[in-house]
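Subject: Structure handover

Hello,

Here is the structure for you to look through. My notes on it follow below.

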Amino acid sequence: MDLLPPEVCSLLNPAAIYANNEISLHDVEVYGFDYDYTLAQYADSLHPEIFSAARDILIEHYKYPEGIRKYDYNPSFAIRGLHYDIQKSLLMKIDAFHYVQLGTAYRGLQPVPDEEVIDLYGGTQHIPLYQMSGFYGKGPSIKQFMDIFSLPEMALLSCVVDHFLGHGLEFDQEHLYKDVTDAIRDVHVKGLMYQWIERDMEKYILRGDETFAVLSRLVDHGKQLFLITNSPFSFVDKGMRHMVGPDWRQLFDVVIVQADKPSFFTDPRKPFRKLDEKGSLQWDRITRLEKGKIYRQGNLFDFLRLTEWRGPRVLYFGDHLYSDLADLMLRHGWRTGAIIPELEREIHIINTEQYMHSLTWQQALTGLLERMQTYQDAESRQVLAAWMKERQELRCITKALFNAQFGSIFRTFHNPTYFSRRLVRFSDLYMASLSCLLNYRVDFTFYPRRTPLQHEAPLWMDQLCTGCMKTPFLSDMAHIR
């Protein structure tokens, strides 16, 4: 496979790796991986199975109304990174500054008018910090859905609320939220998802050959590898045999299953347990982590002590910004890489509409400036107001290209989303899949695109588009003094 030249890295390329922080792979000696949605990429066809199983659990075990069974999974409804206000039964998109993006608040399957959203939060779009600032995305009454498995959870939650509201049934918001969350959890705890994947790995597991290529390449270049996953050994073993082959464990220096992340990174009390070849627990005390062996639970503090893999020479990849990456970057100094499968689709959409979007604005702006040169001030303001209205309509169209209800997972109209803010904070690199590593040398250095601070940029196009027609230089402000 041809390597990407350095100058390509800044382009909108779905196979590229994007850097939030400078990092040289030359300095990375140890690579770590999560399993689900990192080493193993899953097909979207898994989501309807999770939705339907959890829906039936609600009806059969939690005794929810039979009418809920009429709902099917809608893959186009929700996006990752949304927040859910439990007390208000409100699913919404929030930007990096804690403001609700108007037009993206839903109760059940119905949009909530902007005026009602503002009224619900005391006359503002802003969500107070104390309600949503939990380290793992959980405030006192607001939950952020951060992993890909949360897509069927959001869909089911919205469908159940829709049914109760549509039939005038009274319900306690906290009980309903907990029941839906528990039903989704039961799908995982009971092993249903594992059974579906194991029965048809060709259907559900994607890019297995690319995973094998990434791991083999790193080992061939003398890198050490480890795996830390919450999934059970039998499931991981079958998946890795499918993707890599029966000798997959020889690629890894350490393999840890059922790690119970994120507490694995913060709780030093749980010891490591060794598993035998049949997956049964052993009783011996763990004094070293051996290659080819399988370990269960444990904690990061013992892991660091036994391996001495510390600091920036370790690069760990995962898909969950909180459970996989946050602690490792902020508390232990590892470098981190986020796997964001949605990135590929979003980049394709951007590339498709960017050219036409650019032409539209060039033509509109040129026409606006020409008319403003000939009209009086009052007429110019009317022209500008009409143009701004057209711009707002175009924004809504652009939003719908990504998702009709919530738009892009990375951006609101003006600002990055709260998801984007956490992505930048907790990951040095992000990419659509692990296979993107194949496009770069193992000694490649990634640099983030340098963007000017507001006080460093004298005039930008977006200032013109928002009505700030001129930046006040010192000479312009002289009369104020």
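**The annotated site**

D36 sits in the loop between β3 (30-33) and β4 (41-42); helices (H or I, at least four residues) and strands (E, at least two) are DSSP runs, numbered from the N terminus. This is a predicted model, in which local features need pLDDT of at least 70 and side-chain atom pairs count only at pLDDT 80 or more, while totals for chains, interfaces and linings use all residues. Residues are numbered from 1 along each chain as its sequence is written, and side-chain values use heavy atoms, with hydrogens and water left out.

The UniProt record, an unreviewed entry, places the feature "binding site" at D36. UniProt positions are given in the numbering used here, feature names are shortened, and annotations may be inferred rather than shown by experiment. D36 is buried, with a relative accessible area of 11% (buried means under 20%, exposed over 50%, partly exposed in between; 1.4 Å probe, protein chains only). Leaving aside neighbours within four places in sequence, D36 is in contact (heavy atoms within 4.5 Å) with Y42, F149, T229, S231, F235 and D319.

**The second largest pocket**

The largest share, 6 residues, comes from α5. The volume of the second largest pocket is about 1,200 Å³.

The search uses a 1 Å grid over the protein atoms alone: a cavity is a set of points where a 1.4 Å probe fits but cannot get out, a pocket is an open set with protein on both sides within 12 Å along at least five of seven lines, and lining residues have an atom within 4 Å of a point. Grid points are joined across faces, edges and corners, and a volume is the space filled by probe spheres set on the points.

By class, the lining of the second largest pocket has 12 nonpolar, 12 polar and 11 charged residues (Ala, Val, Leu, Ile, Met, Phe, Trp, Tyr, Cys and Pro count as nonpolar, Asp, Glu, Lys and Arg as charged, and the others, Gly among them, as polar).

**Cavities**

Over the whole structure there are 4 cavities of 30 Å³ or more. The largest cavity has a volume of about 60 Å³. Its lining is made of L25, Y31, V214, R217, L218, L437, L438, Y440, R441 and V442, which divide into 8 nonpolar, no polar and 2 charged residues. With 3 residues, α8 gives the most to this lining.

**Backbone**

Most residues other than glycine have a negative phi, and most peptide bonds are trans. The peptide bond from K261 to P262 is cis, with omega near 10°, and P262 is placed in the loop between β12 (254-257) and α10 (263-266). D260, in the loop between β12 and α10, has a positive phi of about 65° although it is not a glycine. D260 is partly exposed, at a relative accessible area of 35%.

R207 also has a positive phi, near 60°. R207 lies in the loop between β10 (205-206) and α8 (208-220) and is partly exposed at 31% relative accessibility.

**Cysteines**

With a disulfide taken as a pair of cysteine sulfur atoms within 2.5 Å, the count is 0 disulfides. C159 is buried at 5% relative accessibility, and C436 is buried at 3%.

Regards
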